[in-house]
Structure formats: C-alpha cells, structure tokens
Amino acid sequence: MSTTGAGGARVHFVRLAPAKLNLTLAVVGRRGDGYHALHSVMVPLSLGDVLTVSAGPARATHDSLRITGLTMPAAPDNLVLRAIAATRAQIAATWHDAPDPPPPLVARLAKRVPVAAGLGGGSSDAAVAIDAALAAWATTLDPEETGALAASLGSDVPFFLAGGAALVTGRGEFVEALPDIEGEPPAVVLVSPRLPLATSAVFKAYAGGARWRDPGRAMEISNRLAAQMRAGLTGAALMVLAEELAAANDLRPAAASLAPGLADLATALQKLTGRPVGQSGSGPTLWSFYATVAEARHAVRFLRRAAADGRLPLVGIGEPLVAATIIAGRQQPRTTRPGADHR
Ligand code: C5P
C-alpha cells in the first residue's frame with residue numbers, strides 16, 4: 001500500500017466535512033420501508049469538521065479514531081468508523097492483497113459541528129471518511145457504488161458526497177445538484193441549543209401528528225426555491241426569501257414537541273434580531289441570515305450576551321452554541337493521489 005510519501009513519511013489525507021443547512025424541508029409522504037419521502041433544498045456551510053486519515057502503524061489490528069473539539073464518544077458506532085468499515089467491506093472483493101482485507105486506518109476528527117443538531121455533522125463526517133479511506137488505500141469505487149454505500153450509512157450522506165447545493169428527494173438518496181448561489185451568499189447565524197435531537201425521534205413525532213396545520217405549504221415553497229435556484233438565484237434574492245423559508249420546514253412542530261422551549265427560543269431570537277428564524281433539518285439548530293459575515297459576527301456577540309443574561313430562554317443544558325458561518329460554494333474536485341495531501 002502506498003500511503004507513505006517520498007522518504008517514507010506517513011501521508012495524511014485531510015478532508016473538510018462541512019455542515020449543511022436545509023433551506024427547505026418538506027415531508028411529502030411515508031414510504032413502504034418506513035422512511036419519509038422528502039423534498040429538501042440543502043446547502044453546505046463553511047463551518048465544518050476536519051477529518052484526517054492515514055495508514056495505521058504496522059502492528060495495528062483495527063481502525064482507530066481520536067476526536068478533539070466538541071465532545072462526543074469515539075465509540076465503534078461513530079459514523080467515521082462505520083464508514084471506514086463499510087468502505088473496506090465494499091472493496092474487499094477486488095482488493096489486491098485479498099484474502100487479507102484493506103489494512104487498518106488511523107482517523108482524527110476535529111469536531112466543530114454539533115451532532116444530532118440538524119446540521120448533518122455525523123453524515124458529513126461519514127461522506128468524507130469514505131473518500132479519505134479510498135484515498136488512503138489508493139483505490140476508487142464507481143459513483144453508483146459510492147452512492148449506495150453513502151445511502152447505507154444515513155439519509156443525509158449522499159448529499160455530502162455531491163459537494164454543493166442540491167435538491168434532495170426520496171429518503172435522501174436522490175441528489176440533484178443545483179448551481180451555487182450567485183454573488184455574495186448570505187452569512188448565517190446558527191443558534192444550536194445543547195439538546196441533541198435524534199432524527200428518528202423527530203420523524204416519529206411527525207408521524208404521530210406533530211405537524212403544521214397547512215400541510216402543503218413547505219412543499220410549495222421548496223418547489224419554488226428549487227426552480228429559482230436552477231435558474232440562478234443571487235444571495236440578495238435568497239435573503240429576501242428568508243421569511244418564507246423559515247416556514248418551509250415540516251419538522252419544526254415535531255422538533256418543538258420534543259424540545260420544550262424551542263419555539264419560545266425562536267420567538268425570542270426573532271424579536272431580538274428583527275429577522276426571520278428558521279430551523280435546520282430535524283433541529284434543534286435555528287438559523288437567521290445576514291448580508292455579511294461581519295454583521296453575523298456582531299449578531300453572535302450580541303446573542304451570546306443575551307443568552308448569558310437570560311434574554312434568550314434556555315433549551316437543554318447550558319447556553320446554546322452560537323456561531324457565524326456562510327453558505328459555501330461547490331467544493332473543487334479533490335486530488336486523491338497518495339502524496340498530494342501530504343502535510
Ligand atoms: O437515515 P438516518 O439514519 O439518518 O435516519 C434516522 C432515522 O430517521 C430513520 O431510522 C428514520 O426513522 C428517520 N428518517 C425518516 N425519513 C427520512 C430520513 C430519516 O423517517 N427521510
């Protein structure tokens with residue numbers, strides 16, 4: 001395996017795993033397999049985790065993962081380890097050293113995106129883990145195989161493989177790439193209560209009846225936004241849509257039913273900032289748009305003070321994570337030749 005560069009130095013494959021924002025999220029029905037069919041316009045954010053993967057030491061018997069930054073367990077069910085194992089299984093049949101499997105890898109994850117927050121943190125890590133593992137083993141998969149592998153790891157993972165704005169349908173496995181936002185994309189303030197919400201629990205609450213009174217509204221807005229983005233939408237035009245986008249997430253009532261105080265937090269944020277406040281994915285992360293990163297950073301400082309002095313209601317344990325970021329463009333195709341990522 002050629003995961004050492006010239007002179008025998010270990011090669012590290014470094015990948016940015018961006019968070020995502022659901023600009024819209026319409027639930028359009030229940031499928032035969034129990035999943036919900038969705039219609040969601042999603043964009044990557046510049047906020048992201050950083051995953052580094054390299055070959056394990058010669059004596060290693062299993063993959064390892066070390067996590068820094070936001071605390072979360074590096075347990076075997078961590079999506080990075082699951083993604084590496086699933087990738088190994090996928091390539092095992094054609095592996096050049098078969099019957100020996102592709103060798104163990106060492107992964108390090110600098111975690112900045114909260115998990116179970118509606119930002120796709122775990123799914124994005126899984127998508128880049130597939131890519132980095134393939135690079136570390138100096139092999140590739142067909143796009144269809146990679147897509148199926150991604151979908152087997154989670155409904156949001158195929159979106160992250162696509163690397164840019166997209167309309168996502170099915171349970172998440174159909175990804176139509178959309179053009180980047182034109183001109184300056186909006187900056188985004190994220191307010192993420194420290195209350196993890198499992199996607200499964202939110203969909204269960206939705207299935208149990210926690211829904212908007214007007215069921216078709218999110219779909220109508222989502223359809224319109226997808227058409228506008230296909231035709232080319234500027235950042236300024238997207239800012240104008242903030243109010244209707246804030247109403248275009250069908251999982252909001254379900255998240256609110258599981259997170260006491262979330263609806264009050266959204267109302268307080270709206271009053272304090274004078275801006276529409278939306279929810280990303282299954283929540284509980286809330287978002288608002290700003291024309292520039294400087295304005296968003298100013299809002300972050302203001303909102304952190306408001307959280308500290310009680311003007312923002314507490315949801316979960318402690319003050320929320322408040323961060324400024326920006327909608328990101330499509331990632332450039334990566335070079336996965338061994339050595340190219342050498343740090
Ligand atoms: O695919 P993922 O592991 O992210 O999904 C977690 C859970 O959320 C699923 O087991 C399912 O209960 C629910 N879900 C759903 N419809 C989707 C995505 C997820 O019902 N489109």
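Where does Pro99 lie? In this predicted model, look in the loop between helix 1 and strand 5 (105-111).

Pro284 sits in the loop between strand 9 (278-279) and strand 10 (286-290).

## Alanines with positive phi

Ala116 isn't a glycine, yet its phi is positive, at about 50°. You'll find Ala116 in the loop between strand 5 and helix 2. Its relative accessible area is 34%, so Ala116 is partly exposed.

Ala138 is another non-glycine residue with a positive phi, near 50°. Ala138 belongs to the loop between helix 2 and helix 3, and with 44% relative accessibility it counts as partly exposed.

## How helix 1 meets helix 3

Two packed helices are described by the angle between their axes and the distance between the axes. For helix 1 (residues 79-91) and helix 3 (residues 143-153), the axes come within 10 Å and cross at roughly 140°. An angle over 145 degrees would count as roughly antiparallel, so this pair is classed as oblique. The crossing is right-handed.

On the helix 1 side, the residues that meet helix 3 are Leu79, Arg82, Ala83, Ala86, Thr87 and Gln90. Helix 3 answers with Glu145, Leu149 and Leu153. Sorted by class, this contact has five nonpolar, two polar and two charged residues.

In soluble globular proteins, nonpolar side chains tend to be buried together. Here, the largest nonpolar core has 38 residues, and Leu51, Val80 and Ile84 have the most contacts inside it. Helix 2 (residues 121-136) gives the most to this core, with 10 residues.

What is Val80 in contact with, leaving aside its neighbours within four places in sequence? The list is Leu51, Leu65, Ala107, Leu109, Asp125 and Ala129. There's also a second, separate core of 33 residues, which includes Tyr206, Ala210, Ala255 and Leu303.

## A buried loop leucine

Leu178 is in a loop too, between strand 7 (174-177) and strand 8 (187-192). Is Leu178 buried or exposed? Its relative accessible area is 2%, so Leu178 is buried.

Neighbours within four places in sequence aside, Leu178 is in contact with Val41, Ala165, Ala166, Leu167, Ala226, Met229, Arg230 and Arg330. One of these, Leu167, is 11 residues away along the chain, and its C-alpha atom is 6.7 Å from that of Leu178.

Terms used: Residues numbered from 1 in each chain as written. Predicted model: local features only at pLDDT ≥ 70, side-chain atom pairs only at ≥ 80, totals over all residues. Heavy atoms only, no water. Helix = DSSP H or I, 4+ residues; strand = E, 2+ residues; numbered from the N terminus. Buried < 20%, exposed > 50% of the residue type's maximum accessible area, 1.4 Å probe, protein only. Contact = heavy atoms within 4.5 Å. Axes fitted to C-alpha atoms, helices over the stretch in contact; angles between N-to-C directions. Parallel < 35°, antiparallel > 145°, perpendicular 65-115°, else oblique. Left-handed = near helix turned anticlockwise from the far one by under 90°. Nonpolar A, V, L, I, M, F, W, Y, C, P; charged D, E, K, R; others polar. Core = buried A, V, L, I, M, F, W, Y, C linked by side-chain atoms within 4.5 Å.
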